[in-house]
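Dear colleague,

I am passing on the structure that you asked to look at, and my notes on it follow below. Please read them with the model open beside you.

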Amino acid sequence: MAYKPKPAPGSRRFSPLKFIGTVVVWLVTAFNLLVLYWLIAAAFKTPIEIFTKPFALPYTWFQRGVPFRNFEYAWNQAGFGEAVVSTVLLVGLATVVTVAISAPAAYALTRFGVRGAGGLTNVIAVGMGVPFQTVVIPLFVVLSKVHLDNIYGLFIVYVALSIPFTVFLLTGFFRSLPDELEEAAAIDGASATRTFFSVMLPLARGGLITALILNAIGLWNETLLAIVFLKDQAEFTLSRALFTFYGAASYQSEYGGLIAGVALVVLPMLLLYVVLARQIITGLTLGSGK
Amino acid sequence: MGAIAAHVGRKRRLFLPFLVPAMALYVAFLVLPTLATVVLSFTKWAGAGDTPKPNGVGNYQQLLNSEAFQFSFVNTLIYVFAGGVGTFVLAFLFTMVLRDMRGGKVVRAILFFPNIVAPVALGMFLGFVFKYQPHKQGLANFILTELGGTAQKFLAPDNVTWVVTASLIWASSGFFITILMAAVDNIPPYLYEDSDLAGASPWQKFTNITLPLTWDVIGVAGVLWTINALKIFELVFVLAGPGTYSPPNRAWTLGIFVFDRTFGSNGTPDFGAACACAVAMIVLVSVLVVALRRLMRRDALQY
Amino acid sequence: MAEVIFKDATRYFAGVDRPAVNSLNLDVPDGEFLVLVGPSGCGKSTSLRMLAGLEGVDKGSIHIGERDVTEVPPAGRDIAMVFQNYALYPHMSVAENIGFHLKIAGMNKTDREKKVREAAELLDLAQYLERKPAKLSGGQRQRVAMGRAIVREPAVFLMDEPLSNLDAKLRVQTRTQIASLQRRLGTTTIYVTHDQVEAMTMGDRVAVLKEGVLQQCDTPIGLFARPANVFVAGFIGSPAMNLLDFTADTLPSGVGLTPAQRSALTGPDVVVGVRPEAWETVNPVDGLEAVVEVVEELGSDQYLYCKVPNGVLTVRTPGMSPWQRGDRIGLKVKPDQAHLFDTATGDRLPD
């Protein structure tokens, strides 16, 4: 028998505050879903459909047998083909290198018992509060002098500017690990380096994965520094390419192609998010809750 | 214990090798450039091809008299304060409902989703939503006219700040709901049960339990909000302007001001002014964060 | 002051077919101290939470005094509850914690402070009123939770394992304090515990639950002397009653069935329950032959764990008795000390 238990008697009492809250929660949730639907549907529509029938399913391009016409347009006109390759390589490498540099630092800051480590951690955490705009001019001037005002320079900048957040996030993870395992490894005669690689890193795996994901999302979406450092269209990242494409496409009223371009930037992250939402959300709360 | 003591000693020798790469990048790409920006803010420097010449506080005087800077400054404060109040009120309202809602986890994931979208893409997308053009109305005006209203110029310079504020609240609330809900989930359920026995209303539960017991997390979230809202750039740049060059001054933020003075899409570059504005940003963020921390300070809570 | 009645009260949990509490019928007269006891998952806490209004009632009804409170929210039931973890607000001082319910109820500040002070003096907390719960010992926290219940002057106290977070010594001490406090206030009290010693020492009556079903509700003496079924027999008393399987025709010497008992049997098998103190030690040839395996010397008592052909029996002998491991002894049930149960149903056979 599937029996639905009755709620507790007090919980059905009417409260205006809770009523408003519930209504707003459902409205915003519905709005988010609608927005997602609209984005995906519009990517398959003609401009006329987009503006006159925003909620209908797309049909014109399907009737003409070219359902992916907008995506093809965006792909070719905005140079997304090359951009996808650059972005994946750039974001992937920068993310991995960032975590590879930050993890030992976070480990040293939390588990070595060195005096002043806490203060040093705070100094690095303060870096999270520095707006990119503050460092952009000196970095641009110096890097263009050494001819690094290109994707390689951007790579270094991405890694360096991701370090404060990543170290901060990982110190939270390392701090939460128990002492006993490290001591057990010491009694077994493992060297400190070995303890780090074979005991601590596997234990902090959840934190490392979270750091990878959050940095990947952040850098995938990053636009300001990409605009500053990338001049050659062949090196454009997706969001940078989209930025340029936006002006051209709106000028030509190519709204379908434009939305398809937006969708091409958003959908990979959306897929990543659908697969990893739990990991992202738990990681985020671990990092900021402490 | 000998093994452990020796181990700690050996470990300490690794402290520098482990820390130096991260520290070096941090100093080279954040600390030194920030200092350079401070120094450059006291020079006159047009940019490439020019050389910096000492200029005292000239850039700062110029900033204070610049209408563009005044707009940027006020708009940025609007985003930080109006957006912050809106986001946190919304987030608190949601925590009240989501605490004991079935399917709350799915709802939370859906609310979080705007946070994974690139701000540029979000701006372009919202550009469509708020588009004003007879016969090619965006989603908002489409619904407005379908309901019998008249189409509004949402993205006109006079309105765009508030439209962006609303969009910002919508897009960011998911992130702060997630953080606050994690803190709320850590509150032992029996405290809410005891308040049920006392007959507390949802508002009384909020003020007597949820708020005091998530206070520290709210403080951290407030700092994160301040940092992020202060550097808002892409969303406004795309929504308020044509997308490729700067929007009208009326809609600027400090982030746009720095960008515009660096790349001179509205005239010639002026690195000196850009640096002065960047220094203003960092001073503002420091003042706000310190003030917030002081405001939120209280004795550590123990269970 | 009020009586509490459960009428066929039933509670289901989502996705579980068996009810967590199955048609509970209980009548607790005004001023009684009733203990709900049973192993974990028996539905005792759920029953208490139904009475508190923290759980809904799926079938049946619950009454406090003259009122049917089945659909009344917790705050309207005139009850106060002490939680297992005390549910103290960590950010409030002791005084604020004790006065919290009064504040929510809208009582003015001077009345509130007076009541809080009275309760604090009663519970020996007056000097800690400004402290936060984290700075209190376990026993003091427990008393703060009690204080918060007392100031409400409710018709019924509900207590959900309030002693389980205290160490053993403090638990014994607090046990008597709570019992005497309840007797002084004369407030009807429903007390949940998994500890049968707590139940036996504190309750006017004890209700034993198992798998959501009430097994027996009686005075401690009644439960001990006449357990209604095999479960209650095994659950109440420490060390537990020895339960031995026999057929009706091969009962040990000194144990016999009356005609009424024989006719009440539904099958051929009988469970004979003998408490450790109900054995008499005799010569091996005169009783059930057993070998002493372990001797537990407690000073005042001695427990022998004795191997018999179909298991191990616990036997209580006077302290400092000369028994040794490996001794062969005979065991005989003292007259009228055997409890007889129907093996098939588990129920007690009529006396």
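Buried area is the accessible area (1.4 Å probe) that two parts lose on being put together, summed over both. In this predicted model, chain C and chain A bury about 1000 Å² between them, with 54% of that area on carbon and sulfur atoms. On the side of chain C, the residues that lose the most area to chain A are Y12(C), D58(C) and E71(C), which together make up 40% of what that side buries.

Counting contacts (heavy atoms within 4.5 Å), 17 residues of chain C touch 11 residues of chain A. There is 1 salt bridge between the two chains, a salt bridge being a side-chain nitrogen of Lys or Arg within 4 Å of a carboxyl oxygen of Asp or Glu; in it the side chains of K6(A) and E71(C) meet at 3.5 Å, N to O.

Buried here means under 20% relative accessible area (1.4 Å probe, protein chains only), and the buried residues include L48(C), M50(C) and L51(C). After α1(C) comes G53(C), whose phi is positive, near 90°.

Residues are numbered from 1 along each chain as its sequence is written, and chains are lettered from A and ligands numbered from 1 in the order in which they are written. Local features need pLDDT of at least 70 and side-chain atom pairs count only at pLDDT 80 or more, while totals for chains, interfaces and linings use all residues, and side-chain values use heavy atoms, with hydrogens and water left out.

Best wishes

Conventions. Buried means under 20% relative accessible area, exposed over 50%, partly exposed in between (1.4 Å probe, protein chains only). Helices (H or I, at least four residues) and strands (E, at least two) are DSSP runs, numbered from the N terminus.
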